[in-house]
Amino acid sequence: MIKIRVPATSANLGPGFDCLGLALDLWNEIAFEEAGQLKYRANGEGAEKLNKGNRNLLTKSYARLFEVCGQKLNGVHIAARNEIPMSSGLGSSAAAIVAGLFGANEMLGKPMNTDDLLKLATEIEGHPDNVAPALL
């Protein structure tokens with residue numbers, strides 16, 4: 001089992017709007033454990049929305065890293081405890097992307113370095129302002 005924590009972020013920092021990012025002391029904690037199939041379960045912020053199925057930004061990012069690495073998606077049980085409010089401007093989507101990519105990278109034995117993860121996270125999110133502080 002792999003357990004990770006990803007921080008909330010803010011990229012709305014005065015004159016550095018959408019250019020500067022900051023990690024905050026508010027965290028989502030995610031556990032990844034090998035399983036027979038993909039299963040996702042969230043507790044906390046957004047659980048009622050996220051638990052309607054296994055297709056969300058975190059699981060899509062997890063699967064994307066497998067695809068980029070040319071690996072078959074393995075079965076995994078993902079358990080998330082979310083403290084970052086969704087649609088709050090605190091980088092919940094960036095946290096989900098980073099969690100999915102980082103978890104998949106760990107499960108695959110770290111085929112990607114930090115720069116590669118940042119490039120892929122930026123590609124998924126569309127901009128680096130929140131994913132960079134969430135990852136770094």
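Helix H2 and helix H4 cross in a right-handed way; a crossing gets that name when the near helix is turned clockwise from the far one by less than a right angle, and it is left-handed when the turn is anticlockwise. This is a predicted model, where local features need pLDDT of at least 70, side-chain atom pairs count only at pLDDT 80 or more, and totals for chains, interfaces and linings use all residues. Residues are numbered from 1 along each chain as its sequence is written, and side-chain values use heavy atoms, leaving out hydrogens and water.

H2 and H4 pack at an angle of about 130°, and their axes are 11 Å apart (axes are lines fitted to C-alpha atoms, for helices over the stretch in contact, and angles run from 0 to 180 degrees between N-to-C directions). That makes H2 oblique to H4; angles under 35 degrees count as roughly parallel, over 145 as roughly antiparallel, 65 to 115 as roughly perpendicular, and the rest as oblique. On the H2 side, Leu57, Ser61, Arg64, Leu65 and Val68 meet Leu117, Leu120, Glu123 and Ile124 of H4, where contact means heavy atoms within 4.5 Å. Sorted by class, the residues of this contact are six nonpolar, one polar and two charged (Ala, Val, Leu, Ile, Met, Phe, Trp, Tyr, Cys and Pro count as nonpolar, Asp, Glu, Lys and Arg as charged, and the others, Gly among them, as polar).

H2 (residues 57–68) also packs against helix H3 (residues 92–107), at about 40° and with the axes 7 Å apart. Helices (H or I, at least four residues) and strands (E, at least two) are DSSP runs, numbered from the N terminus. The angle makes H2 oblique to H3, and the crossing of these two is right-handed. Among the H2 residues that meet H3 are Leu58, Tyr62 and Phe66, while the H3 side includes Ala96, Gly100 and Met107. By class, this contact has 11 nonpolar, five polar and no charged residues.

H3 has a partner in H4 (residues 114–125) too: the two pack at about 140°, with axes 10 Å apart. That makes H3 oblique to H4, and H3 passes H4 in a right-handed crossing. The contact includes Ala94 and Phe102 of H3, plus Ala121 and Glu125 of H4. Its residues divide into eight nonpolar, two polar and one charged.

Next come the strands. Four of them form an open sheet in the order E1-E2-E4-E3, with mixed pairing; two strands pair if DSSP finds at least two bridges between them. At the edges sit E1 (2–10) and E3 (39–44), each pairing on one side only. Neighbouring strands are turned by 20° against each other on average, direction ignored. E3 and E4 (residues 76–82) run parallel and are joined by six bridges. Asparagine 43 has arginine 81 in E4 as its bridge partner. H3 packs on this sheet, touching E1, E2 (22–34) and E4, and its direction makes about 155° with that of E1.

Finally, the structure holds two aromatic pairs. In one of them, the rings of phenylalanine 32 and tyrosine 62 have centres 5.7 Å apart and planes at 10°, so the pair is stacked (rings of Phe, Tyr and Trp, the last by its six-membered ring, pair if their centres lie within 6.5 Å; planes under 30 degrees apart count as stacked, over 60 as edge-to-face and the rest as tilted). This pair links distant parts of the chain, with phenylalanine 32 in strand E2 and tyrosine 62 in helix H2, 30 residues apart.
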